[in-house]
Amino acid sequence: MPGSAARTATADVVCLGESMVTFLPSQPGRLADVPSFGRGIGGAESNVACALAAAGHRAKWVGRVGADGFGDHLVDTITGYGVDTSAVRRDPGRPTGIYFRTATDRATDTHEVAYYRAGSAASAMSPHNVPYEDLLDTRVLHLSGITAALSADCLALLHDLTAPRDGRPLISFDVNHRPGLWRDGEAGPEVLLDLARRSDLVFVGEDEAEEAWGVHGTEAVRAALPEPDVLVVKRGSDGATVFSRTGSGADTVTTVPSLRVDVVAAVGAGDAFAAGFLSATLRDLPVRDRARHGHLMAAAVLTVPGDLTGPPPRAYADRLAALDDEAWGTLRLGPGWTAAAGANEEVRVT
């Protein structure tokens, strides 16, 4: 992994960001019509930490939550996935954020999300109250554009963490452009572009790059982001294209098709893809297999109702990631597929 060969750290990945209690609908429909909700957790960075810990890595989540029951639930649940939460701070004067969402795909017009996060404990994160010794004692520091949108202090924190410094861990940055989170008068797209250009490994959707920066196509995205050593452009059902810089400074371009998945809920797949890619990066697997592990981890989440689920067993995922191109293209994954290894079953091929 670039930048980590001589690095000894207590964590493989540290993920910094806001986690919230999420209320999942008991049935499809408008928020106004859903009669009840089940409680879960949601947060791009904590999702990545949970998936990596479940996959056997030393993952730490750093954030702030309120000194309330929802904060207790978040910390207990994330710890239950095997994540180190010792650096999480409790804020007695600010609440833990919560949100409600509908069961529909975020990309559809019927999808609704109601956030109650203004003035949350996480929005008070700044360079002055976050434990840098925990953030930097890691092989990879994973950040996202969501944190930058929470407050001016949060943006200052991300700007500082992405600055060049001796011994800086590999900076992984998921653009996560959420226009509704940016405050009036703030240039969110420009901020995200700057943070991405200061990072080492960047994840961005082709569609969000077009929305945020007006660029279209993978080559145009790379032209807008020439600095990162690794740029992963997610292209939905068309797969992912990875630009990885070689020792000569030139790019190797690797495109890996998506899997065919019987989708239960299209929420959390982007975080799962990042976790799968980071897991394979930590293991120094080839670029193609990094993207394939990203697709497999995403498929695990796509086939369950919530944002989180256990990943496929590593040996099983490795076997699928090693398939030839024809066999990879015939995979079809549905609910329960991650348990197939334990039952000595095969996933469907069609």
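Colleague: Which residue in strand 13 stands opposite Val232?

Modeller: Val232 has Val242 opposite it in strand 13. Likewise, Val233 stands opposite Thr241 of that strand.

Colleague: How do you know how far the prediction can be trusted, and where is the pLDDT below 50?

Modeller: The mean pLDDT of the protein is 91, and 93% of its residues reach 70 or more. Over residues 2-6, however, the pLDDT is below 50, and this stretch has two contacts in the model beyond near neighbours in sequence. Where pLDDT is low, the predicted coordinates should not be read in detail.

Colleague: What makes strand 12 and strand 13 a pair?

Modeller: Pairing requires at least two bridges between the strands. Strand 12 (residues 230-234) and strand 13 have five, in the antiparallel sense, and therefore they count as paired. They form a hairpin with five residues between the strands, in which Gly236 takes a positive phi near 60°.

Colleague: How many bridges join strand 13 to strand 14, and in which sense do these strands run?

Modeller: Six bridges join strand 13 to strand 14 (residues 251-256), and the two run antiparallel. Thr241 has Thr255 as its bridge partner in strand 14. This hairpin has five residues between its strands, and Gly249 in the turn has a positive phi of about 95°.

Colleague: Why is strand 13 described as mostly covered?

Modeller: Strand 13 spans residues 240-245, and five of its six residues are buried. The cut-off for that term is under 20% relative accessible area.

Colleague: What is the order of the open sheet of eight strands, and which are its edge strands?

Modeller: The order is 4-1-9-10-11-12-13-14, and the pairing is mixed. Strand 4 (59-62) and strand 14 are the edge strands, as each pairs on one side only. From one strand to the next, the twist averages 15°.

Colleague: What makes strand 3 and strand 8 the edges of the sheet of four strands?

Modeller: The open sheet has the order 3-2-7-8, with mixed pairing. Strand 3 (37-42) and strand 8 each have a single partner strand, so one side of each is left without a neighbour in the sheet. The twist here averages 20° from one strand to the next. Helix 2 (residues 69-80) packs on this sheet and touches strand 2, strand 3 and strand 7; its direction makes about 65° with that of strand 3.

Colleague: In which sense do strand 2 and strand 7 pair?

Modeller: Strand 2 (residues 20-25) and strand 7 (residues 98-101) pair in the parallel sense, over three bridges. The bridge partner of Val21 in strand 7 is Ile98.

Colleague: Why is helix 5 called roughly parallel to helix 6?

Modeller: The axes of helix 5 (residues 152-161) and helix 6 (residues 188-197) come within 9 Å and cross at roughly 25°. Angles under 35 degrees count as roughly parallel, so helix 5 is roughly parallel to helix 6. Leu155, Leu158 and His159 of helix 5 make the contact with Val191, Asp194 and Leu195 of helix 6. The crossing is left-handed.

Colleague: Why does Arg117 count as buried, and where does it lie?

Modeller: Its relative accessibility is 11%; the limit is under 20%, so Arg117 counts as buried. Arg117 lies in the loop between strand 8 (113-116) and helix 3 (132-136). Leaving aside neighbours within four places in sequence, its contacts include Glu18, Met20, Gly97 and Ile98.

Colleague: How do you know whether Ala280 is buried or exposed?

Modeller: Ala280, in helix 9 (residues 269-282), has 1% relative accessibility and therefore counts as buried. Not counting residues up to four places away in sequence, Ala280 touches Leu285, Asp289, Arg290 and His293. Its C-alpha atom is separated by 11 Å from that of His57, 223 residues apart along the chain.

Colleague: Why is Ala53 assigned to the buried class?

Modeller: Ala53 belongs to helix 1 (residues 44-54). At 12% relative accessibility, Ala53 falls under the 20% limit and so counts as buried. Apart from neighbours within four places in sequence, Ala53 is in contact with Ala59, Tyr81, Gly82 and Val83.

Technical notes. Residues are numbered from 1 along each chain as its sequence is written. This is a predicted model: local features need pLDDT of at least 70, side-chain atom pairs count only at pLDDT 80 or more; totals for chains, interfaces and linings use all residues. Side-chain values use heavy atoms; hydrogens and water are left out. pLDDT is the predictor's confidence in each residue, from 0 to 100. Contact means heavy atoms within 4.5 Å. Buried means under 20% relative accessible area, exposed over 50%, partly exposed in between (1.4 Å probe, protein chains only). Axes are lines fitted to C-alpha atoms, for helices over the stretch in contact, and angles run from 0 to 180 degrees between N-to-C directions. Angles under 35 degrees count as roughly parallel, over 145 as roughly antiparallel, 65 to 115 as roughly perpendicular and the rest as oblique. A crossing is left-handed if the near helix is turned anticlockwise from the far one by less than a right angle, and right-handed if clockwise.
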